[in-house]
Amino acid sequence: MSEIVAVSALPFIHSSTRQRSPFLLGDSTGVTYRPSSVLTLKMRMITFLLVGLTIHVVFFLSIFDIYFTSPLVHGMTPQATPLAPPASRLVLVVADGLRADSLFTLLPNGSSRAPFLRSVMEERGTWGVSHTHVPTESRPGHVALIAGFYEDVSAVAKGWKENPVEFDSVFNETKHTWCWGSPDILPMFAKGASGDHVYTHTYPAEEEDFASTDASRLDTWVFTQVKSFFQSAKSNSSLRASLLEGENIFFLHLLGIDTNGHAHRPMSREYLENIGLVDSGVAELVSMVEDFFGHDGRTAYVFTSDHGMTNWGSHGAGHPSETLTPLVVWGAGVHNAHIVTEPQPFNDGYLQDWKLEHLRRVDVNQADIAPLMASLIGVPFPVNSVGVLPLLYLNNSDQFKAESMYTNAIQVLEQYKMKMAQKKETTLSFLFTPYQLLTESKQAEFIHKARILIQLEKYEDAISLCRSLISSALEGLVYYHTYDRFFLGCSVVLGFVGWTSYVVLVILKTHAGLNRHPSLLQQIPSHTLARVCICVTVVITVFLLIQRSPITYYIYCLLPVPVWYSVLKESGTLTDLVRSAPSLPLWKCFGYFVLVAFGIELLVVSFFHRAMLTVGLAVLSLWPFLSGLFGKAKFRSLSWCLGCLCLAAFPLMPVVGREPNIHLVTCAGLLTLFTSACYLWSSGQRTPLHLSDRLQFVTQMLHVAVCAYMPSLTHLSLQQKQGLPLLNQIISWTTLASSMLVPLLSSTRLFHRLLSIFLSLTATYLLLSTGSEALFPPVLSWLMFVWINIEQEAMLAQGVSSRQELSTIDFSANIDITKIRQLKLDDIRRSYFFVFFIITAFFGTGNIASINSFDPASVYCFLTVFNPFIMGGLMMWKVIIPFIIVMCTFETIQVATQLSSRSLFLIVLVISDLMALHFFFLVQDYGSWLDIGTSISHYVIVMSMTIFLMLLSVVTHILTSQRLILWRRSKMHFP
């Protein structure tokens with residue numbers, strides 16, 4: 001960090017790459033550097049960029065250590081109920097993506113679309129709603145069902161990886177488990193099992209095609225394979241012997257409903273008919289299993305879903321349509337249908353909607369299903385399970401229920417004891433604070449009392465005590481899991497505040513033109529400060545070594561030391577600021593900072609309420625009138641106002657994907673062509689275009705026209721069940737691959753290059769659009785065009801006489817060093833506008849802090865076969881495109897306003913870091929999982945944006961200033 005101070009007066013990396021170096025920006029002495037120091041400057045600039053990037057990466061990763069650490073512990077002894085189980089085998093059927101209301105709601109004629117399961121609920125089974133947790137994705141859902149614990153919210157990032165964290169499952173505890181279904185789900189339970197007793201049968205991944213003529217064939221494949229399996233077992237003696245053993249599970253993973261829901265929406269005929277197919281398949285499966293085992297009454301059945309689905313065909317967040325899934329259990333050891341006459345304790349209105357008021361509804365948390373299955377077939381409970389056995393499903397003796405609850409309690413307590421031992425081992429004894437509600441003496445007391453109650457046959461009291469023990473143990477697990485959270489949080493905040501303070505000091509020292517007082521700079525001797533920092537570092541390191549802390553703890557705790565060392569070394573700058581105060585326009589400065597503070601708060605609120613962006617844009621539309629620019633540039637001011645108001649409509653629109661409208665994509669293409677043609681016509685009146693440039697623009701406009709029509713053609717083909725046409729796929733991937741290369745072929749003159757970038761990126765965006773969001777880039781680009789022009793008028797208002805005409809600016813030209821100016825208060829406003837437009841670019845089209853806004857239909861022009869990583873990458877590129885448009889505009893404004901790239905970017909860094917600090921304090925570990933996940937997502941988004949903008953600024957600089965010349969051309973001279 002000591003090197004950072006030395007580079008505090010250096011321009012940002014762009015300054016050198018655009019041939020603006022060598023110079024010192026904002027130095028009050030007006031010093032310029034000799035050519036011999038250029039290399040040193042570049043190295044220092046790169047050092048500054050890398051140090052800043054590293055610090056932000058550390059801040060970003062810290063949230064995963066503080067909130068995203070795995071809750072699992074290992075080394076516990078498996079616990080099993082000592083009494084004989086009611087079932088020898090269990091059939092688990094998971095209908096992926098099935099909503100509770102889709103299964104339980106009756107048809108208009110009063111019949112059910114799932115008659116077999118309805119009859120089970122009404123006659124011989126117990127039913128309820130299984131409440132899932134965020135993220136409502138396939139992997140976390142199946143882990144909760146089969147292993148009994150909820151993966152942390154970051155499990156959505158792990159996606160479909162096989163066991164990034166090792167865990168126990170019901171399958172692992174069985175003698176044999178046979179699985180049929182998706183290659184995305186089954187392998188993770190087979191790979192995690194000890195031994196070779198989990199057998200998987202999967203179809204090829206290519207079968208998971210959203211453009212399939214009928215995705216229900218995936219479920220048909222599963223049922224056919226299971227039927228063939230039992231047929232073969234009749235003639236295979238060893239297989240038959242294995243089947244006749246106890247403690248077996250048959251797992252059917254049915255993906256057809258989920259695939260049809262993504263492709264056609266949950267209200268579609270395909271989705272609803274698939275439910276009927278599954279119901280008839282389950283009916284045939286039950287008949288076949290009962291026949292094979294001679295109707296011995298030793299088979300239990302569990303039918304459920306891993307997650308639901310929104311009306312617009314997505315899942316991942318916490319909407320009731322995603323978190324409410326059906327649960328139907330019947331067979332050996334399960335209560336028959338229980339008729340009730342009294343009102344049931346549910347206020348959600350679903351019982352009346354589903355016409356099920358007369359049947360007892362038993363709701364569970366999704367993780368409770370794992371101990372239920374373990375109890376039914378008598379295998380040990382998964383050692384990592386946090387589920388609580390739902391006794392109302394069990395049809396067995398009170399003794400069996402009490403023993404099962406006792407086993408459940410001991411199994412959860414074992415995790416608590418292991419977690420406590422681990423934390424005690426890595427904490428100094430005088431600093432260790434145990435969880436008071438469940439100390440070692442209280443644990444022994446609980447266990448002893450529960451055993452006595454069971455021996456005295458006071459089963460209800462024993463069950464109640466075990467529930468209390470489970471509740472305390474689960475709270476204790478959370479307590480020890482978050483034991484170091486406050487300590488780590490303080491370290492990160494200390495580093496955060498130090499870094500932001502350092503950047504502010506850099507801005508003041510380098511670009512504010514303060515009066516220098518060299519005699520005051522040595523108020524704190526450098527060697528004394530260094531010794532203090534070394535001593536602090538040694539103390540922290542020894543403390544962490546004694547506690548055997550993870551390596552990441554060293555990074556979080558030691559990072560603030562060099563950061564604050566750099567801040568304290570620059571303390572003289574604060575003295576300069578105080579000395580310069582009488583000559584500064586204090587009231588104007590105070591007004592600016594109040595407005596920026598208000599603006600930052602508005603941006604923070606916009607993360608929770610998108611409509612706040614509309615309010616912000618409405619306020620921004622008044623800027624020319626409030627600043628006096630309207631009197632000097634009426635047309636540009638009115639254009640700015642109209643552009644802001646048009647863009648303000650987008651945050652009020654529905655989230656992307658909810659209401660697809662392909663016709664709006666075509667309209668967006670026509671709007672793009674119209675605006676481009678208008679600009680080329682007006683530009684041609686002033687300055688003639690080179691023939692090759694004119695040819696490129698015409699080609700790009702034709703390309704946009706093709707891309708505007710492509711989504712309509714693709715969706716029509718998919719609706720007719722004809723699949724994705726190969727030609728459409730080739731055009732789409734070619735457009736994507738060339739989107740960053742084509743602009744490099746155009747002229748580097750300012751508006752010519754920007755138009756080429758706009759046409760190239762919009763073509764790709766149209767292919768990734770399904771509705772109103774396609775209009776966003778044209779409207780955003782129009783406002784950005786006006787912003788560039790109106791900033792020129794703002795420069796005149798500031799009294800900058802050496803303003804250069806925009807039409808004559810060339811991105812690749814050498815910049816006159818003598819014209820580079822210092823920062824002014826108005827540059828804070830420019831930086832804030834940039835941050836505001838970046839946030840608007842992200843949230844404007846409904847990219848909320850959840851993958852819930854992910855709509856697979858957006859990528860159908862590129863691929864329809866399910867591939868989470870390619871699809872996720874395409875959606876990420878869709879999010880990035882508006883970012884690039886805003887970044888290119890900001891790059892242009894830096895050139896047009898004759899300001900160092902680094903100068904404005906440092907202000908942007910301070911604004912975004914202040915927002916990130918807000919969200920760091922807003923992160924919560926209480927409330928619903930949706931609240932927790934959303935608060936963490938907001939911090940991750942802001943930190944990712946800061947890191948991303950650092951990298952993207954380099955990309956946009958290349959995109960605007962570099963040129964690929966494929967052929968020689970004659971020179972043209974412009975006036």
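**Loops, sheet and cores in a predicted model**

User: Where does E457 lie?

Analyst: E457 lies in the loop between helices α18 (440–455) and α19 (459–481). Helices (H or I, at least four residues) and strands (E, at least two) are DSSP runs, numbered from the N terminus. This is a predicted model, in which local features need pLDDT of at least 70 and side-chain atom pairs count only at pLDDT 80 or more, while totals for chains, interfaces and linings use all residues. Residues are numbered from 1 along each chain as its sequence is written, and side-chain values use heavy atoms, with hydrogens and water left out.

User: Why is E457 called exposed?

Analyst: Buried means under 20% relative accessible area, exposed over 50%, and partly exposed in between (1.4 Å probe, protein chains only). E457 has a relative accessible area of 57%, so it counts as exposed. Its phi is positive, about 60°, although E457 is not a glycine.

User: What makes H295 count as exposed?

Analyst: Its relative accessibility is 54%, so H295 is on the exposed side of the cut-off. H295 is in the loop between α13 (269–292) and β6 (299–304), and its phi is near 50°, a positive value in a residue other than glycine.

User: What share of the protein is buried?

Analyst: Buried residues make up 58% of the 975 residues.

User: What makes a set of residues a nonpolar core?

Analyst: The set must consist of buried Ala, Val, Leu, Ile, Met, Phe, Trp, Tyr and Cys residues joined through side-chain atoms within 4.5 Å. The largest such core has 151 residues, and W640, W787, F834, F837, M915 and Y939 touch the most other members. Helix α35 (residues 868–896) gives the most to this core, with 17 residues. Another core, of 70 residues, lies apart from it and includes L90, L145, I185 and A402.

User: Which residues does F834 touch?

Analyst: Contact means heavy atoms within 4.5 Å. Not counting residues up to four places away in sequence, F834 touches W787, V886, M887, F890, V908 and L949.

User: How do you know that β2 and β7 pair?

Analyst: Two strands pair if DSSP finds at least two bridges between them. Strands β2 (residues 125–131) and β7 (residues 324–331) have 7 bridges, in the antiparallel sense. At H131, the bridge partner in β7 is L324.

User: Why are β4 and β8 called edge strands?

Analyst: The open sheet has 8 strands in the order β4-β3-β5-β1-β6-β7-β2-β8, with mixed pairing. β4 (198–202) and β8 (364–365) each pair on one side only.
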